[in-house]
Amino acid sequence: MDLNDTKQERKKLVDRLVSSGYLGKKEVISAMLKVPRHMFIPEALRYSAYVDSPLRIGFDQTISAPHMVALMTEYLDVKPGHKILEIGSGSGYQAAVLSELVGDGRIYTVERIPELAQSAKKILEELSYSNVSVIVGEGTQGYADEAPYDRIIVTAGAPKIPAPLLEQLGEGGKLLIPVGDRRLQELIYIRKDGKEFKEKKLGGCMFVPLVGEDGW
Ligand code: SAH
């Protein structure tokens, strides 16, 4: 990959995600065209930044594959002004994509590994994603300080849906979470409708484990 022409590499990746059906909404396409994924990856792996694959970011964690970020972002149905909670900041890349979509809204992203939270915060600041707050914490308990949220996205695999996340979801809110065993999960989509939670299964996925009180 030519690191001097990452724009061209991003365009090729996004075109492939569009033709394979992962991307469709024009605002999501434009967000993924803008965010420089290579900047969220350890330098030694940057040449792979625009391959559709998860990559190691240290501490046994990974940045999700671009098609998974595309699919989750499309389903999340983000609107300008939304307040969004992400559990599992990892590299900060997913938060940056969401940041492009919320306008004057805000992203709160919770990460349990302080070193990853620190590097995500640093790169998000360097790239001027000023509407993202990175919080070091145990995300199975959500982040009650800023609840309720319009959208909640969990980017680590859970054994079950943590009750605090359902409690922190606002009226009409949407939650995306991979649920299953430690290796393989199913992506679950939940919409809060009055007192009811409507659930839909979106298919198989593989995330690193969500670790914590209501996790592994
Ligand atoms: N969204 C990330 C990828 C996340 S990988 C990105 O765009 O790069 C999953 C992350 O979830 C890991 O960094 C892991 O440390 C974190 N994680 C696991 N359990 C957690 C918990 N209970 N609270 C917060 N973060 C957690």
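# Getting to know the fold

Start with F40: leaving aside neighbours within four places in sequence, F40 is in contact (heavy atoms within 4.5 Å) with V35, I57, I63, S91, G92, Y93, A96, I123, L124 and L127. The structure you see is a predicted model, in which local features need pLDDT of at least 70 and side-chain atom pairs count only at pLDDT 80 or more, while totals for chains, interfaces and linings use all residues. Residues are numbered from 1 along each chain as its sequence is written, and side-chain values use heavy atoms, with hydrogens and water left out.

**The nonpolar cores**

- A nonpolar core is a set of buried Ala, Val, Leu, Ile, Met, Phe, Trp, Tyr and Cys residues joined through side-chain atoms within 4.5 Å. Buried means under 20% relative accessible area, exposed means over 50%, and partly exposed lies in between, with a 1.4 Å probe and protein chains only.
- The largest nonpolar core has 46 residues, of which L23, M32, F40, M72 and Y93 touch the most other members. Two or more residues each come from α1 (6-19), α2 (26-34), β1 (55-58), α3 (66-76), α4 (93-102), α5 (114-126), β5 (132-136) and β8 (185-193). The helix α4 gives the largest share of this core, seven residues.
- Another core lies apart from this one and has 19 residues, including L85, Y108, Y143 and L169.
- A word on these labels: helices (H or I, at least four residues) and strands (E, at least two) are DSSP runs, numbered from the N terminus.

**The seven-stranded sheet**

- Strands of a sheet pair through backbone hydrogen bonds, either parallel or antiparallel. Two strands count as paired if DSSP finds at least two bridges between them.
- Here, seven strands make an open sheet with mixed pairing, in the order β5-β4-β3-β6-β7-β8-β9. At the edges are β5 and β9 (196-205), each of which pairs on one side only. On average, neighbouring strands of this sheet are turned by 15° against each other, direction ignored.
- Strands β6 (residues 149-154) and β7 (residues 169-180) run parallel and are joined by four bridges. Look for I153, which stands opposite L176 in β7.
- How do the helices sit on the sheet? The helix α3 lies across β6, β7, β8 and β9, running at about 155° to β6. The helix α5 packs on the sheet too, touching β4 (106-111) and β5, and its direction makes about 165° with that of β5. Axes are lines fitted to C-alpha atoms (for helices, over the stretch in contact), and angles run from 0 to 180 degrees between N-to-C directions.

**Three hairpins to trace**

- Strands β7 and β8 pair in the antiparallel sense over seven bridges, forming a hairpin with four residues between them. L176 has Y189 as its bridge partner in β8. Nine of the twelve residues in β7 are buried, leaving this strand mostly covered.
- Strands β8 and β9 also pair in the antiparallel sense, over eight bridges, and K192 has F197 as its bridge partner in β9. Two residues lie between them in the hairpin, and G194 in the turn has a positive phi of about 65°.
- Strand β1 pairs with strand β2 (residues 61-63) in the antiparallel sense over three bridges, with I63 as the bridge partner of L55. Their hairpin has two residues between the strands, and F59 in the turn has a positive phi of about 55°.

**Around the ligand**

- Which residues come nearest to the ligand? Among the 27 residues around the ligand (a heavy atom within 4 Å), they are S91, E111, E138, G139 and V211.
- An N or O atom in the side chain of S91 is 2.6 Å from an oxygen atom of the ligand. The backbone of Q94 has an N or O atom 3.0 Å from an oxygen atom of the ligand. A polar backbone atom of R112 lies 3.2 Å from a nitrogen atom of the ligand.

**A closer look at D214**

- Not counting residues up to four places away in sequence, D214 touches T140, Q141, P159, K160, P162, A163 and P164.
- The side chains of D214 and Q141 are joined by a polar contact of 2.7 Å. A polar contact is a pair of N or O atoms within 3.5 Å; within protein, one must be able to donate a hydrogen and the other to accept it, and residues adjacent in sequence count only if both atoms are side-chain atoms.
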